[in-house]
Amino acid sequence: MSARSVRKSVVSVEQDEGVGARVRRSIGRREVSYIIKGGVQHEDFCGNKGTLDDGDVQWMTAGRGIVHSEILKKGITEHLQLWVNLAHKDKMIPPTYQDLKDKDIPRTKQNGVLVKVIAGESLGIKSSVFTRTPTMYLDFKLDKGAVLNQPIPTEWNAFIYTLSGKVCIGKEDSAVEYEPHHTVVLEQNGDHVRVENMNSEVVHFLLIAGQPLKEPIKKHGPFVMTTDEEIEQAIADYRNGRNGFEKALTWQSKYMKKQKKKT
């Protein structure tokens, strides 16, 4: 077994975004929402709506496209959002949701390591979330002195996002300690990642990994396709209300209307 080393680390800088929101933007767009604290009300033009509370997860597959609204509930809300690209063959599938309440997310604690398995597998437990591309989304907390050796397929891309505490990542003889809100990108030079907590405070971090699609990526605003022609077609479909965007021209979020009345 060989532990992966770190390729690079990027700190996420806090900034204003949206109505009353402070965001630390790291990578990608928002497609997977994970509520750490607080709550979010959501709805879309297909009639789906609901509320995500502490520890809940919404895994949304946008497919051929969806107009989606999210409003923060009162009080302090902390949540994470991650975009995962779809393979070209899946770009035009209908939108779908997988909502998981915190109590239904599998978890275990072993040797000072607590894990919530949102997607993938860790410490012998698996998630029920279906991912069209093999993906790992793991929420870890490590007690003082705890060591994690999490397997990752050698060909997968992977990174760690640090949330709290000082997280020590890398091979035992060359590990580096990282402060909160760092995106730590791992090299593809090992079959697992080694993480240790060398301090008294519990450390909290996410491990995200996935199988590379090895396909071109073309992006314009919220649209992500594989060719320029597909991007142009998606924009035209949205503007003309066709190919899944029939409701896009007339739909308005009820939550957003209420928010505007308050302000």
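Predicted model: local features only at pLDDT ≥ 70, side-chain atom pairs only at ≥ 80, totals over all residues.

Visitor: What does the secondary structure of the protein chain come to?

Guide: Helices (H or I, at least four residues) and strands (E, at least two) are DSSP runs, numbered from the N terminus, and in the protein chain they come to two helices and 24 strands. Of its 263 residues, 43% count as buried, where buried means under 20% relative accessible area, exposed over 50% and partly exposed in between, with a 1.4 Å probe and protein chains only. If contact is taken as heavy atoms within 4.5 Å, then among contacts between residues at least 6 apart in sequence, 66% join residues at least 24 apart.

Visitor: How should I read a sheet, and which strands stand at the edges of the open sheet of seven strands?

Guide: Strands of a sheet pair through backbone hydrogen bonds, either parallel or antiparallel. Here two strands are said to pair if DSSP finds at least two bridges between them, and the open sheet of seven strands has the order β1-β20-β17-β22-β15-β12-β11, with antiparallel pairing. The edges are taken by β1 and β11 (107-110), each of which has a single partner strand, so one side of each is left without a neighbour in the sheet.

Visitor: How is β20 joined to β1 and to β17?

Guide: Five bridges join β20 to β1 and three join β20 to β17, antiparallel in this pairing. T183 in β20 is the bridge partner of V10 and also of Y161. As for burial, five of the five residues of β20 are buried: H182, V184 and L186 point one way from the strand, whereas T183 and V185 point the other way.

Visitor: What is meant by a nonpolar core, and which residues have the most contacts inside the largest one?

Guide: A nonpolar core is a set of buried Ala, Val, Leu, Ile, Met, Phe, Trp, Tyr and Cys residues joined through side-chain atoms within 4.5 Å. The largest has 25 residues, and those with the most contacts inside it are F140, L142, I152, I169, V195, F205 and L207. Among the elements that give two or more residues to this core are β12 (113-119), β15 (135-142) and β22 (203-210). Leaving aside neighbours within four places in sequence, F140 is in contact with residues including V113, L148, F205 and L207. A second, separate core of 18 residues includes V32, Y34, V57 and Y161.

Visitor: Is V32 buried or exposed, and what of K8?

Guide: V32, in strand β4 (residues 32-37), counts as buried because its relative accessibility is 2%. Its C-alpha atom is separated by 5.1 Å from that of Q81, 49 residues apart along the chain, and, not counting residues up to four places away in sequence, V32 touches Q58, W59, L80, Q81, L82 and Y137. K8, in strand β1 (residues 6-11), counts as partly exposed because its relative accessibility is 48%. With the same exclusion of sequence neighbours up to four places away, K8 touches T183, V184 and V185, and K8 and T183 are 8.3 Å apart in space, C-alpha to C-alpha, though 175 residues apart in sequence.

Technical notes: Residues numbered from 1 in each chain as written. Heavy atoms only, no water.
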